[in-house]
Amino acid sequence: MSNEEILSNEELRAVRELLDVEKIKELRLQYSYNMDARNLDTLMEVFAEGAICGYGPYGDWVGKDVIYDNYKETFKDTLNTPFVSMHVNTNHLVKVTGPGTAKGRVYLLDCMTKNMDGSDIETGKSNFLWFGLYDEKYIKVNGEWKIERMNLEFFWPERHISKDFSSDF
């Protein structure tokens with residue numbers, strides 16, 4: 001191996017950071033997939049123990065037990081009908097902020113394939129439920145990335161934006 005093929009310490013740190021960013025992106029995709037598939041037990045694996053989910057008009061959900069119970073109530077009519085809603089995530093920004101901490105932002109296009117009661121969507125009616133932005137903090141727990149805080153800023157069809165929300169990332 002030539003000296004040109006050997007990575008410097010700085011390059012190794014950058015590669016490690018890229019690996020962390022990719023693991024966080026995978027975590028985020030697991031969140032949306034398992035929510036849409038209604039795999040609530042598997043969904044809970046993405047959250048840290050004391051996780052907080054701020055869902056605007058739906059309130060703040062604090063702790064994994066509360067998060068689980070609230071998802072179960074929210075999806076009570078569609079628990080056996082996976083992919084009634086599809087949380088399309090895009091434009092994921094991730095920044096590692098320290099050893100074992102990171103933050104991220106993800107666009108949400110929340111689409112419906114059926115109404116939340118399981119009935120068919122009326123012909124000509126929009127399939128979009130929400131446009132929003134997830135503002136998140138991640139933490140590494142026992143070598144695995146977890147969502148520590150998730151705040152969903154709603155932009156359409158209604159605006160529900162946190163008082164402390166800033167467009168700065």
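Which residue in the turn of the E5 and E6 hairpin has a positive phi? In this predicted model, local features need pLDDT of at least 70 and side-chain atom pairs count only at pLDDT 80 or more, while totals for chains, interfaces and linings use all residues. Residues are numbered from 1 along each chain as its sequence is written, and side-chain values use heavy atoms, with hydrogens and water left out.

The residue in question is Asn142, with a phi of about 50°, and the hairpin has 2 residues between its strands. Strands here are DSSP runs of at least two residues (E), and helices are runs of at least four (H or I), both numbered from the N terminus; two strands pair if DSSP finds at least two bridges between them. E5 (residues 128–141) is paired with E4 (residues 101–112) in the antiparallel sense over 11 bridges, and Leu108 has Gly132 of E5 as its bridge partner. On E6 (residues 144–156), the pairing with E5 is antiparallel over 11 bridges, with Ile147 of E6 as the bridge partner of Tyr138.

Ser32 is buried because its relative accessibility is 4%, whereas Leu19 is partly exposed because its value is 49% (buried means under 20% relative accessible area, exposed over 50%, partly exposed in between; 1.4 Å probe, protein chains only). The side chains of Ser32 and Asn89 are joined by a polar contact of 2.7 Å (a pair of N or O atoms within 3.5 Å; within protein, one must be able to donate a hydrogen and the other to accept it, and residues adjacent in sequence count only if both atoms are side-chain atoms).
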